[in-house]
Amino acid sequence: MATITVGTNERRWLERCFATLVDSDTPGIDLTVWYVDNDSNDGSTAFIEDRFPEVRVIQNRSNVGFARANNIGMRAALDDGADYVFLVNPDTQTPKSLVRDLTEFMEAWADYGVVGPMQYEYDESGGTALGSYNDWSKTALRWGEQHAFAGDWPNHPSPASPPEGRAPNTLEHAYVQGAAFFVRAELLRTVGLFDEVFHTYYEETDLCRRARWAGWRVALVLDVGIQHFGGGGTAGSNYRRIQMRRNRYYYLLTDIDWHALPMLRLAGRWLNDDLRGRGVGGVTSWWRGTWETAEAVCWLARRAPLIRARRRAHRQLGRQTVSAGRSQARSAR
């Protein structure tokens, strides 16, 4: 079992994040805690090495993005023999029993490939008791088991699996946020890691849909939780707005559950907002919105062959699942 935390100039959060992870109550679980540093210049790596010598540190020479940095950590954990990987953001505080609770859940429910705890407001005084839901949890509960873009297009089918065989106290939300993302190693070895084209944002949403296409369940476990401040160092930044805009289109264009006409209509709705500077990731002026949207369109156009390749690979996931199901049915007979 391994936890992975990626940080970029987030020294202020690291004491509480790693103090609570290292203090996890994990009898019978061989827990390894990893820190992947994305070229911080605030002394984050030196702090971890001095304060938490038991934590394994990977130092990247440049900021390679959230997706690739987590992939680097996940590959190291898989090579080390981990059965489960828990991605945990720096701005979190982990209750003592959470790692054990999630591990026991996965051991009991073999159909679940990705799960996550509910998220609660961050207690800056240092306590790990769970108080009120944070904004992400409130949004997840409000949208329930609808698809990832339910706020823009409510009539698309839900990605949730059938109610039969479901674990109690779970919500099969469209995705588990990467801030607290607990994944089975078997899934990573068969479905793959994060798509690094995303760089930052939507990579966990993409991995959750691929997990479902491959036949796994994805869910939030409602009776466990973690504290998460949210936003991190990118809140309100140009970086966040640009990354979220282009990645949202890339995600939609590579989604095999969307037919051409509704896909184009939804993209057109986004395009209208983006050109006016009122799109996802933050508000800006109309001229900046137009410029950034033009850059996003060019970025997507250059990746047209890759988008086609991703769609073929995603369809293959579904075919493999159907074939495996038929084989199991024949074996049962």
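1. Let's start with the aromatic pairs: there are 22 of them in this predicted model. To pair, rings of Phe, Tyr and Trp (its six-membered ring) need centres within 6.5 Å; planes under 30 degrees apart count as stacked, over 60 as edge-to-face and the rest as tilted. Two numbers do the describing for a pair of aromatic rings: the distance of the centres and the angle of the planes. A word on the ground rules: residues are numbered from 1 along each chain as its sequence is written, and side-chain values use heavy atoms, with hydrogens and water left out. Since the model is predicted, local features need pLDDT of at least 70 and side-chain atom pairs count only at pLDDT 80 or more, while totals for chains, interfaces and linings use all residues.

2. Take Phe18 and Tyr35 as one example. Their pair is edge-to-face, at 5.7 Å centre to centre and with 90° between the planes. Phe18 belongs to helix α1 (residues 11–22) and Tyr35 to strand β2 (residues 32–38), so the pair ties together parts that are 17 residues apart in sequence. Helices (H or I, at least four residues) and strands (E, at least two) are DSSP runs, numbered from the N terminus. (Buried means under 20% relative accessible area, exposed over 50%, and partly exposed in between, with a 1.4 Å probe and protein chains only.)

3. Another pair to look at is Tyr249 with Trp270. The ring centres are 5.5 Å apart and the planes stand at 80°, so this pair is edge-to-face. It links distant parts of the chain, with Tyr249 in helix α8 (residues 238–253) and Trp270 in helix α9 (residues 260–275), 21 residues apart. Both Tyr249 and Trp270 are buried. They also belong to a cluster in which ring pairs link Phe149, Tyr202, Tyr249, Tyr251 and Trp270.

4. Trp270 has a charge over its ring as well: the charged end of Arg248 sits there, 4.0 Å from the ring centre. Arg12 lies over the face of Trp13, at 3.9 Å from the ring centre. For a charge to sit over a ring, NZ of Lys or CZ of Arg must be within 6 Å of the ring centre and within 35 degrees of the ring normal.

5. Now for how α8 and α9 pack. Their axes are 11 Å apart and the angle is about 175°. Axes here are lines fitted to C-alpha atoms, for helices over the stretch in contact, and angles run from 0 to 180 degrees between N-to-C directions. The two helices are therefore roughly antiparallel to each other. (Angles under 35 degrees count as roughly parallel, over 145 as roughly antiparallel, 65 to 115 as roughly perpendicular and the rest as oblique.)

6. Which residues of α8 and α9 meet? From α8 come Arg245, Arg248, Tyr249, Leu252 and Leu253, and from α9 Met263, Leu266, Ala267, Trp270, Leu271 and Asp274. Contact means heavy atoms within 4.5 Å. The residues of this contact divide into eight nonpolar, no polar and three charged. (Ala, Val, Leu, Ile, Met, Phe, Trp, Tyr, Cys and Pro count as nonpolar, Asp, Glu, Lys and Arg as charged, and the others, Gly among them, as polar.)

7. Helix α4 (residues 98–108) has Leu98, Val99, Arg100, Leu102, Thr103, Phe105 and Met106 buried. What covers them includes β4 (84–88), β6 (112–120), β7 (170–171), β8 (180–184) and β9 (217–228).

8. Thr5 sits in strand β1 (residues 2–7) and is buried, with a relative accessible area of 0%. Not counting residues up to four places away in sequence, Thr5 touches several others, including Phe18 and Tyr35. Ile58, in strand β3 (residues 56–60), is buried at 18%. Leaving aside neighbours within four places in sequence, the contacts of Ile58 include Trp34, Tyr35 and Ile72.

9. Finally, check the backbone at two spots. Most residues other than glycine have a negative phi. Asp39 has a positive phi of about 60° although it is not a glycine; Asp39 lies in the loop between β2 and α2 (44–51) and is partly exposed, at 38%. Asn169 has a positive phi of about 55°. Asn169 is in the loop between α5 (135–143) and β7, and counts as partly exposed at 46% relative accessibility.
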